[in-house]
Structures are given as structure tokens and as C-alpha cells.
Amino acid sequence: MHNSIENEVELVRKARKGDTASFAELYKQVYREMYRFALYTLKNPQDAEDVVSDTVLDAWVQIPGLRRVESFRAWIFRILSNKCRMRLKMYLQKTEELPEELEAQEGDWNDQLDVKMAFARLLDEERLILSMNLFAGYTSREIGTFLGQSHNTVRSKQARALKKLEKMLTRQ
């Protein structure tokens with residue numbers, strides 16, 4: 001494990017200097033996790049692929065400015081989380097006529113919309129932690145590694161974020 005972290009740090013250092021092969025290797029190491037995260041968040045394979053692609057393009061352009069090379073995973077997942085959030089906002093702005101057989105499910109849809117809107121009001125880090133745990137299945141220890149925080153800190157932040165969500169949803 002320690003060796004793979006050192007390898008990742010070295011790849012990030014090279015990628016920051018414009019080494020495309022190193023960046024491609026980093027992408028290869030995180031692609032499955034990124035796609036899984038985006039798919040769980042967006043529930044749409046094409047949109048998940050799109051946001052992952054957009055994230056990788058942005059990351060390639062922005063990687064020279066990445067200050068902490070050991071924070072690559074947290075950094076790229078933060079970009080991905082923002083892309084997913086923007087895509088979810090686009091979903092909320094779309095208006096389409098529902099077929100008659102789906103109109104009866106309006107109550108469920110409204111509940112889902114309330115949850116999505118409450119989720120969007122959380123801080124970026126709170127959304128990232130909750131998404132990584134609830135949607136992508138990462139443990140607090142794994143999330144802590146990605147974010148460069150202790151697993152206890154991650155658990156505390158997750159508990160506070162869930163309480164915030166609960167308060168927002170019970171007010172409605």
C-alpha cells in the first residue's frame with residue numbers, strides 16, 4: 001500500500017510537469033472509482049461517462065496548479081463531485097411532460113427532488129463525503145485517505161452532514 005502511494009505521488013509530480021503518460025496512468029488508477037461514483041450519483045451511464053470525461057479534461061488542464069501532490073485523489077474527486085452537482089442542477093431545470101402512467105408517482109418524485117435539493121445545499125466537502133460513502137460505498141478510512149484526514153474526522157463530518165440533511169428535510 002505504501003509503495004502504491006509513493007508511486008501515485010511520483011506520477012502526480014511528473015503529470016504536473018506535463019507528462020501525459022503519467023497522467024494517463026493516474027487516470028487509469030482512478031477511472032473505475034470515478035465512474036462508479038458518478039453513476040451512483042447521477043443514475044445515468046451516459047451522463048456518468050460525460051462528467052468523468054469533463055473531470056479528466058479539467059484535471060489535466062489544472063494539474064500544474066495542484067499544490068499537494070499527495071492530495072490527487074481528493075482533488076480529482078472534488079472536481080468530479082462539482083461536475084455531478086452541476087449535472088444534477090441541470091436535471092432539476094429540465095421540464096418534460098410525463099406519460100400518464102408515471103404521473104401517479106408524483107409523491108415519490110417530489111420526495112426525491114426534496115432530497116436532491118437538500119443534498120445540493122450541503123457544503124462541497126459534506127456532499128463529497130456522503131457521496132463517497134453512501135453512493136460509492138467507501139469506508140470512512142478510505143475517504144480519510146483520499147481527503148488526507150483521519151477516519152474519525154470523516155465520520156464526524158459525515159454525521160454532522162446527515163443531521164443537516166435531516167433538519168432540512170423535516171422543515172419542508
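**Charge pairs and a positive patch**

A network of salt bridges links Glu8, Glu33 and Arg73. A salt bridge here is a side-chain nitrogen of Lys or Arg within 4 Å of a carboxyl oxygen of Asp or Glu. The model is predicted, so local features need pLDDT of at least 70 and side-chain atom pairs count only at pLDDT 80 or more, while totals for chains, interfaces and linings use all residues. Residues are numbered from 1 along each chain as its sequence is written, and side-chain values use heavy atoms, with hydrogens and water left out.

Side chains of opposite charge can pair when their charged atoms come close. Searching the whole structure gives eight salt bridges.

Start with glutamate 8 and arginine 73. Their side chains meet at 2.8 Å, N to O. The pair links distant parts of the chain: glutamate 8 is in helix 1 (residues 2-16), arginine 73 is in helix 4 (residues 72-93), and they are 65 residues apart. Helices are DSSP runs of H or I, at least four residues, numbered from the N terminus. Glutamate 8 is buried, at 10% relative accessibility. Arginine 73 is buried too, at 16%. Buried means under 20% relative accessible area, exposed means over 50%, and partly exposed lies in between (1.4 Å probe, protein chains only).

Next comes aspartate 47 with arginine 87. This salt bridge spans 2.9 Å, N to O. Aspartate 47 sits in helix 3 (residues 45-62) and arginine 87 in helix 4, so the pair ties together parts that are 40 residues apart in sequence. Aspartate 47 is buried, with a relative accessible area of 13%. Arginine 87 is also buried, with 13%.

Aspartate 58 and lysine 83 form another salt bridge, at 2.6 Å, N to O. Here aspartate 58 belongs to helix 3 and lysine 83 to helix 4, 25 residues apart. Aspartate 58 is partly exposed, at 26% relative accessibility. Lysine 83 is buried, at 16%.

Arg121, Lys163, Lys167 and Arg171 form a positive patch. Patch residues have over 30% relative accessible area and no salt bridge, and like charges are joined within 9 Å. Lys and Arg count as positive, Asp and Glu as negative; His and the chain ends are not counted. Each charge is placed at NZ of Lys, CZ of Arg, CG of Asp or CD of Glu. Accessible areas come from the Shrake-Rupley method with a 1.4 Å probe, and for residues only the protein chains shown count as cover. Lysine 167 lies in helix 9 (residues 151-171). Lysine 167 is exposed, with a relative accessible area of 53%.

Note on methods: Patch = residues over 30% accessible without salt bridge, like charges linked within 9 Å, V, L, I, M, F, W, Y side chains within 5 Å. Helix = DSSP H or I, 4+ residues; strand = E, 2+ residues; numbered from the N terminus.
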